[in-house]
Amino acid sequence: MSNIPADLKYLDSHEWARVESDGTVTIGISDHAQGALGDLVFVEVPEVGKSLSKGGAAAVVESVKAASDVYSPLSGEVIAANDALSGSPELVNSDPYGAGWLFKLKPSNDSELQQLLDAKAYEKVVADAAH
């Protein structure tokens, strides 16, 4: 079973969002997503300062199997990108909720957070996908 931390919010396209104490949001892909992709060989993160729209393509993760877009769970401005991934894309595989984060946003619409899935709802998405 995939690791699905209860303190995060999710998109049904397998991105996660963690609201930090300063109101910014850290974003990555779920344990389920990295497992389905396999070993990542390349990660492209958005540039700092870029404005993203909720549901819009924000980053790219590439494995030996496939390249996949990563969608932004929220609208906002990119305030940090995980540059460590350019040299170590495998961090997403080994620690998807920690060192493998992709980017951080300053959200422009806090109400969008309420539209994201909680861990229980995301767990159902993963279970349904397995059948």
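Which residue in S3 stands opposite Ala17? I looked: the residue is Ile27.

**Ground rules**

I noted that this is a predicted model, in which local features need pLDDT of at least 70, side-chain atom pairs count only at pLDDT 80 or more, and totals for chains, interfaces and linings use all residues. Residues are numbered from 1 along each chain as its sequence is written, and side-chain values use heavy atoms, with hydrogens and water left out.

I took strands (E, at least two residues) and helices (H or I, at least four) as DSSP runs, numbered from the N terminus. I counted two strands as paired if DSSP finds at least two bridges between them.

**The sheet**

I traced an open sheet of 6 strands, in the order S1-S2-S3-S9-S8-S5, with antiparallel pairing. Its edges are strand S1 (9-10) and strand S5 (51-52), each pairing on one side only.

I then went through some of the pairs. S1 and strand S2 (residues 15-19) run antiparallel and are joined by 2 bridges. Here Lys9 stands opposite Ala17 in S2. The hairpin of S1 and S2 has 4 residues between the strands, and His14 takes a positive phi near 80° there.

S2 pairs with S3 in the antiparallel sense over 5 bridges. These two also form a hairpin, with 5 residues between them. In its turn I found Gly23 with a positive phi of about 90°.

Strand S3 (residues 25-29) pairs with strand S9 (residues 103-107) over 3 bridges, again antiparallel. I checked Thr26: its bridge partner in S9 is Lys104.

**The cores**

I next looked up nonpolar cores (sets of buried Ala, Val, Leu, Ile, Met, Phe, Trp, Tyr and Cys residues joined through side-chain atoms within 4.5 Å). Buried means under 20% relative accessible area, exposed over 50%, and partly exposed in between (1.4 Å probe, protein chains only).

The largest core has 23 residues. Ile29, Val43 and Phe103 are among those with the most contacts inside it. S3, helix H1 (31-37), S4, strand S6 (57-63) and S9 each supply at least two of its residues. A second, separate core of 10 residues includes Ile4, Tyr10, Ala80 and Ala119.

What does Val43 touch, leaving aside its neighbours within four places in sequence? I listed Val60, Val61, Leu85, Pro89, Val92 and Leu102 as in contact with Val43 (heavy atoms within 4.5 Å).

**Val41**

I ended in strand S4 (residues 40-44), the place of Val41. Val41 is partly exposed, with a relative accessible area of 47%.
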